[in-house]
Amino acid sequence: MGVRRLGTDLLLVMLLAVPTAEATIVTFDEAGFVQQVEASPAQKLDLDWPAIRRLYERLDEDSIWHSQGHMNARGRQLLAWLKAAGEEGLKPADYHVEHLQRLQNQAATQDSMLRELLLTDAYLRLAVDLRQGNRATRALDPFWTAQAESFDPVVTLIRALAQDRLADMLAQLGPAGAEYDRLRQALARYRAIERAGGWPRLVTGTSLRPGQRVPQIERLRERLALESGRDYEQTEDPELFDARLETELKRFQTRHGLAADGVAGPATLEALNVPVARRIEQLRINLERWRWLPHEMETEHLLVNTAGFDIEYHSHDRVIFSARTVNGSEERPTPSMISRITHLVANPQWTVPRRIAVEDMLPRQQADPGYLTGKRIQVYRRNGAGWEAFDPASIDWSPYDQDNFPFVLQQEAGAGNSLGRIKFHMPNPNAIFLHDTPAVGLFGRSERAFSSGCVRVERADRLARLLIERADPWEARKFNQALETGETLIIPLRQPLSVYLTYFTSWVDTAGEVHFRPDIYQRDDELMLAFARQKHPMTVLRPDQPSPASL
């Protein structure tokens, strides 16, 4: 095995000792540099021992990061990469960087071996975190149902070493895409703002309006300038709320999903007073959410951001369609997942999900006997092997409740149907899909969490015209005719289109503008707390051990 060619029994003993069930004690040297490594490594040296051993067993060289006891070019390259983990919104300390820096110039054999182990373990952990996202943080979001892609950091490293492409491999581990890179750049900029002292807090309680002249206006001007990087100090009257400041405030409101009215009212002042440290944490966790997605997304795909209430059609690095959306309420959030649109439905009928039927419609029908009829909803009940239709007015609804509801409700196609004129069918276990809506007025609101989980798409007919190109031409003609006649028609797409349902509370657009949104589903705080904790503490040394090579 490659591990045996390290020239010392130290690493071999450590690697072979860890998996045993018995308490094995390994002494490194008389000075007690490392007191012991037991079979319970989580209490001593917290490394990914199985992966480390698998890597060294498959290598055809003595060590990876050292030559003749000193850190080689690979080791220095890796250490620089680990130090740069902060640029990805991660904590370098979680990848042993502080320990490695203290050990960097130590030449003793035990120091070299420990450096080798720490570098290898740090690579394994950071590679997985960049490629797949951290498993523990992904588990904190119960509505994120997309599965992580398969990735083996051991095989990836061995292949890169064999091809002498270590630098390229390390640089390509993170998500491939301009969206992720723009978010990384925004993180660096906001950290620079924090180092410079952040931005001032504005007094709340009184709205600031165009035309006013009060001292608070100058503070607003400074606040906007610090975040945007644009200089407003040359204005002749800094305390006057002039047209230029109104334009900048509207830009700020747009970036934060607020009504762009140019007035610094309560909601705008609240957004302005969010500390830069909070915005930094928001950027960090949204970089993490990008890492939960596939490393390379499909060349053509739909990207739905439920926190931003929008949808984009990406085709070969261009956005060819964008629109506003209405998605799940806080009580019935839209999950984050990956699916494919396989069929288009013209003039769909709507089979009401049971939860909506018993929680929403049943109480309304009990209060108003004409409710279901007014919504053009048919009532069905199983009768043997088939279904029997009932007039809603013929049923006494008073005995029924959530635990006793033997009916299926179905809304007829046509005017007023909750799905509108078009449904974009995408098979998934959550029964979530995209669709049109008759309630177009909701798209004019800044916060649009009103649905029961599915996503309503503004200008759904335009999106359908783009997708119809992926169907057989004859089917496309029939679909367009059905839209005109009111006929319900389902047509398959020859090329299904990938859909990524995501939850980004921060992103950067193609113009470089950084956007933030409220955490409508209350998913940010727990993720921020997880990021604040160090994942991989080192507990190798006695607290009172003053070794020159001390960790």
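I looked up Glu412 first: it is partly exposed at 30% relative accessibility. My cut-offs are under 20% relative accessible area for buried, over 50% for exposed, and partly exposed in between (1.4 Å probe, protein chains only). Glu412 forms a salt bridge with Arg376, 3.3 Å from N to O. Glu412 sits in the loop between strand 10 (407–411) and strand 11 (422–425), and Arg376 in the loop between helix 15 (371–374) and strand 8 (377–383), so the pair ties together parts 36 residues apart in sequence. Arg376 is also partly exposed, at 31%. I count a salt bridge when a side-chain nitrogen of Lys or Arg is within 4 Å of a carboxyl oxygen of Asp or Glu.

I note that this is a predicted model, where local features need pLDDT of at least 70, side-chain atom pairs need 80 or more, and totals for chains, interfaces and linings use all residues. Residues are numbered from 1 along each chain as its sequence is written, and side-chain values use heavy atoms, without hydrogens or water.

Next I checked Asp524 and Arg289, a salt bridge of 2.9 Å, N to O. The pair links distant parts of the chain, helix 18 (residues 524–532) and helix 13 (residues 276–292), 235 residues apart. Asp524 is buried at 1% relative accessible area, and Arg289 is buried at 0%. Helices here are DSSP runs of H or I, at least four residues; strands are runs of E, at least two; both are numbered from the N terminus.

I then found a salt-bridge network of Arg223, Glu227, Glu248, Arg251, Arg255 and Glu513. The structure holds 29 salt bridges.
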